[in-house]
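Could you walk me through this structure in the viewer? I would like to know what to select at each stop and what I will find there.

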There are 2 protein chains.
Amino acid sequence: MEPHIVKSFDEALNTLHAQVSRMGVLAEHQLGLAVQALVDRNDELAGQIVQSDAEIDDLEAAANDQVIRVLALRAPVADDLRVVITALKIASTLERIADYAANIAKRSIVLTAMPAVPTVRPLQRLGKLVQGLLADALTAYHEENAELALQVWTRDKEVDEQYSGLFRELLTYMMEDSRNITPCSHLLFVAKNIERIGDHATNIAEMAHFLASGSPIEGTRPKNDTTIAHT
Amino acid sequence: MEPHIVKSFDEALNTLHAQVSRMGVLAEHQLGLAVQALVDRNDELAGQIVQSDAEIDDLEAAANDQVIRVLALRAPVADDLRVVITALKIASTLERIADYAANIAKRSIVLTAMPAVPTVRPLQRLGKLVQGLLADALTAYHEENAELALQVWTRDKEVDEQYSGLFRELLTYMMEDSRNITPCSHLLFVAKNIERIGDHATNIAEMAHFLASGSPIEGTRPKNDTTIAHT
């Protein structure tokens, strides 16, 4: 194999990794800001988050094109291929995470026009937990750290517990005062969006574990929405 | 290029297409059954849908492996690569659609233990509409029909209008009688799941259009959740 071919493949792969890495930083940042905008009832910040979503969409499109380029540079062997396909899947997951964050920001703007519901603390707590999971999942991916990936995977159970608590709390507020029904309905979706981001972070952890160790995480996934889990 | 190499590439591609096609049929079927189980308050059917989800997960894993095999068979040129990567993305989208259908089935089981809410008709209508969109998006993909793809893309606006109407209707039921709050909260998620499936069908239509015509659909996407769209 000619060295310059190998070199250009590595360079192309590095560009792809840099794109995914940048997407990860942005997605995590967007989630943090979205929860902050909601908690602070800050419409200006929420508006910025909605706007910034386009940047992540563009990055995903660029990552897709880069994948095509990387694959076209040579007939890749199995392991290299898995690395590239995983990058593609993680880019797609991060785009979706950013989408959920933008959705939270949009609902935050709707919510500032409605009476405040006292769910700030548990929402903040859930947001911080999921942001931490996402950060660790991305670290596990970039550092190929199977142990950290496994840790993230296990911690998703906490997300579920907090989400379920929040779900029940929101129903209680709705039952107490019918004026809470509309804002709480939006908050149900906000809570669900955060929980879904946790789910996607767990997906990233699973992919990171496979890349790092060559084997899938064993056992049944602890993740479960207990608001419908008794089924 | 040796003919037998080309042949094995084509064969591998056909296998991939058959897998995606089977996933599409199953996903569409699961959606139809999930809405039916909900409407009929049929726990047995709902349980079957939840169980069948594993088959679609397995098919997606097989499609992923097949993509790796197809790509490994030769250094693919740009167009072939796009075909393969699109199949990968559509498989991933269909897995997610089936996941939403299974989620509807799970909520359906929770809902049979609660008082019935009179939203059967609009839920059924939304389900049928989205099922039709998904079927057409898949046809557009398999037949490389750009016109049909564009049609699907345009019709997603209807999904949004019906979803928004349903969202408001559910809030009204909650306000009228607090005993409706818990079932309606689950129905909010059911409605949102159907709307998200419509969104994913639109994504498939976009990919089908690009594959068929070589160019993206022009204009801003009509799709928008108007329950948060005035933001």
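Start by selecting B:E161 and B:K157 in this predicted model: both sit in helix α5 of chain B, and because they are four residues apart, about one helical turn separates them. Their side chains form a salt bridge, with the closest N and O atoms 3.2 Å apart. B:E161 is partly exposed, at 48% relative accessibility, and B:K157 is partly exposed too, with a relative accessible area of 43%.

Now go to chain A and pick A:K157 and A:E161. These side chains also meet in a salt bridge, at 3.2 Å from N to O. The two residues lie in helix α5 of chain A, four residues apart, or about one turn of the helix. A:K157 has a relative accessible area of 42% and is partly exposed; A:E161 is partly exposed as well, at 47%.

Back in chain B, select B:R155 and B:D136, whose side chains meet in a salt bridge of 3.1 Å, N to O. This pair links distant parts of the chain: B:R155 belongs to helix α5 (residues 146-176) and B:D136 to helix α4 (residues 120-142), 19 residues apart. B:D136 is partly exposed, with 22% relative accessibility. Over all chains, the salt bridges come to twelve.

Next, colour the aromatic rings. The whole structure holds five aromatic pairs over all chains. For one of them, show A:Y163 and A:F167: the ring centres are 6.3 Å apart and the planes meet at 45°, so the pair is tilted. Both residues are buried. They are four residues apart in helix α5 of chain A, and so about one helical turn separates them.

Select the contacting residues: 41 from chain A and 41 from chain B. The area buried between the chains is about 3,600 Å², and carbon and sulfur atoms give 71% of it. Two salt bridges are counted between chain A and chain B. To see one, display B:E60 and A:K89, whose side chains meet at 3.7 Å, N to O. On the chain A side, α2 (43-73), α3 (78-112), α5 (146-176) and α6 (181-213) each supply at least two residues that touch chain B. Which helix gives the most to this side? Highlight α3(A), which gives the most, with twelve residues.

Definitions and conventions
Residues numbered from 1 in each chain as written. Chains lettered and ligands numbered in written order. Predicted model: local features only at pLDDT ≥ 70, side-chain atom pairs only at ≥ 80, totals over all residues. Heavy atoms only, no water. Contact = heavy atoms within 4.5 Å. Buried area = accessible area lost by both parts, 1.4 Å probe. Salt bridge = Lys/Arg side-chain N within 4 Å of Asp/Glu carboxyl O. Phe/Tyr/Trp six-rings, centres within 6.5 Å; stacked < 30°, edge-to-face > 60°. Buried < 20%, exposed > 50% of the residue type's maximum accessible area, 1.4 Å probe, protein only.
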